[in-house]
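Colleague: Please take a close look with me at a single part of this model. I would like to hear how it is put together and what surrounds it.

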Amino acid sequence: MKKAQTSNGRGAGLVIFVLVVLIGLVILGVKVFSPEAPAIRLTNPVKALGKSTELRVEVSDPRHRIKAVSIRVEQKGKAFKLPVAVAVAHPPGPPWWKFWASRPVSRWTVTARAGQQELPALHQGHARIVITAVNNSWGRFFRGGRSVMVLRLPVRFSPPQIYVLTTQNNVTDGGCAMVVFRVSRGTVLSGVQVGPYFFRSYPMPKAKHDTRLCLFAFPYGVPPSTPAHLMARDDAGNVTLANFDYRVLPRKFHRGKIVLTHSFMERLVPPIMSESPQLKNQGSLLKNFLQINRQLRQTDTALLFKYGQETTHHFLWSKPFLALPHSKVEAGYGDARSYFYHGKVVDHEVHLGYDLASVAHAPVPAANNGKVVFTGYLGIFGNAVILDHGCGLETLYGHLSRIDVKPGQTVRRGQTIGHTGQTGLALGDHLHFGVLLDGIQVDPIEWWDPHWIHDQILIKLTAAR
Ligand SMILES: [Zn+2]
């Protein structure tokens, strides 16, 4: 009995030894021959190679460190290696032998440019782009896990063509105009560039041959001498700038004066501060007022720009825009105001909409058919509604006492969307009505004018068809 026990003990020891060796071999095998390789992801959707097309690649590896990333272009048996710029993120992790511990993801952001400029031997037609990434694992016989991404792309060097169809493209300082044009195939973005502002074009309804319509503006503050160009960019990143006929009609804007009193600011400032947690108490009523008039106004402008991008790609309206019924104009677009306090100028701001006053809590009609983009508190505009009317055109309703619509809702021209009030930077019950083009405040007056709508928009829509 004793002898048998000893031999059993030896047998068990041998089994454990063999198991340990086997587990060790399996771990080594997994480490050396494992298919673990970095993941490659293209972060800008490249559709074609052009004059100088940017390639942006993110390589990530959750278990190993990335060792190398290379990009080459192949065409007709020739291969060109591209110089790459790399931003490396290697968060420190546990030592290599703790293979069971979880590791932070190793991530490389790689950018390169490929095109006629970088590779003069490249021809129009097609090319292959080969992206290779290697990590520092023991995979592939100790040379590192490797992954390869191959893209087959068209190569295009000739920029897109633009054919202008409209001839009368006059625009009033602060106002809008519409130009209709055609673009060649492969165009992915087109529109009008006015100084720092870019106005996108949209497909022309019921028209062929990539016909596009584009509303553009010379917003307040853009000098009439600023050049406006048509711009088209194709999938290879080739850009065309074209001239078109337009004339900017200059105008004079109204200048006004606002006298700040203690009681005026005492009424306005605390409610706005309470609704705007991002504003810090500056310790004085005047400083808080100026913070609202400057910083909060800027924040609102940025928000209007953001909501301006949420637009439908066709017009939702066909009739002139409506104003607040039976209302009196209290302020207009482009009114430049100097703010006085104790006889001294403390601020200058420009009013970029219309202030319309009727009876208190008057129902506010939707200026036109559209879709609700925003409802809620919007800084100096108080309780506000933004409606989208398509192709970058939106309307803004501010200082409301009540909001009767919800975001995403479709509204009809004339439908009550809220009631006038004095929320935000408003002294007295009125409606602040604004028109936005691509999120930039433009003069609403043209959009109320049936003749202007007919001559500048509707005629062009039918003529281009
Ligand atoms: Zn206003």
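Modeller: Two strands pair if DSSP finds at least two bridges between them. Strands (E, at least two residues) and helices (H or I, at least four residues) are DSSP runs, numbered from the N terminus. Please keep in mind that this is a predicted model, in which local features need pLDDT of at least 70, side-chain atom pairs count only at pLDDT 80 or more, and totals for chains, interfaces and linings use all residues. Residues are numbered from 1 along each chain as its sequence is written.

The part I would pick is an open sheet of 3 strands, in the order S19-S21-S22, with mixed pairing. Its edges are strand S19 (255-260) and strand S22 (344-351), each of which pairs on one side only. On average, neighbouring strands of this sheet are turned by 25° against each other, direction ignored. Strand S21 (residues 335-341) runs antiparallel to S22, and 7 bridges join the two. To find your way along that pair, look for serine 338, which stands opposite histidine 348 in S22.

Helix H4 (residues 285-308) packs on this sheet and touches S19, S21 and S22. Contact here means that the C-beta atoms of two residues, placed from the backbone, lie within 7 Å. The direction of H4 makes about 30° with that of S22; axes are lines fitted to C-alpha atoms, for helices over the stretch in contact, and angles run from 0 to 180 degrees between N-to-C directions.

Now follow the chain into the loop between H4 and strand S20 (328-331), where glutamate 310 is found. This glutamate 310 has 14 other C-beta atoms within 10 Å, so it is partly exposed. The cut-offs are simple: with C-beta atoms placed from the backbone, a residue is buried if 20 or more others lie within 10 Å of its own, exposed if 12 or fewer, and partly exposed in between. Not counting residues up to four places away in sequence, glutamate 310 touches Val373 and Asp388. Aspartate 438 is 128 residues from glutamate 310 in sequence, yet their C-alpha atoms are 8.8 Å apart in space.

You will find it in the loop between strand S24 (363-365) and strand S25 (370-377). Alanine 366 has 25 C-beta neighbours inside 10 Å and therefore counts as buried. Leaving aside neighbours within four places in sequence, its contacts are Leu387, Val411, Arg412, Arg413, Gly414, Gln415 and Ile417. Glycine 424, which is 58 residues from alanine 366 in sequence, lies 20 Å away from C-alpha to C-alpha.

Let me step back to the domains. The assignment, whose bounds come from an automatic or database source, gives domain 1 (39-155), domain 2 (162-249) and domain 3 (255-443). The centres of domain 2 and domain 3, taken over C-alpha atoms, are separated by 28 Å. Domain 2 puts 14 residues into the contact and domain 3 puts in 15. On the domain 2 side, strand S13 (197-200), strand S14 (202-203) and strand S15 (211-217) each supply at least two residues. That side has 11 nonpolar residues, 2 polar and 1 charged, where Ala, Val, Leu, Ile, Met, Phe, Trp, Tyr, Cys and Pro count as nonpolar, Asp, Glu, Lys and Arg as charged, and the others, Gly among them, as polar.

S15 deserves a moment of its own. The strand is mostly covered, with 6 of its 7 residues buried. S15 pairs with strand S11 (residues 176-183) in the antiparallel sense over 7 bridges, and valine 179 stands opposite cysteine 214 there. S14 also pairs with S15 in the antiparallel sense, over 2 bridges; tyrosine 202 has leucine 213 as its bridge partner in S15.

Finally, here is the setting for all of this. The protein has 6 helices and 32 strands. Its radius of gyration is 32 Å, well over the 23 Å that the globule rule gives for 465 residues, so the protein is more spread out than a compact globule. That radius is taken over C-alpha atoms, and the rule is 2.2 Å times the number of residues to the power 0.38. Along its principal axes, the C-alpha trace spans about 110 × 60 × 45 Å. Of the 465 residues, 36% count as buried.
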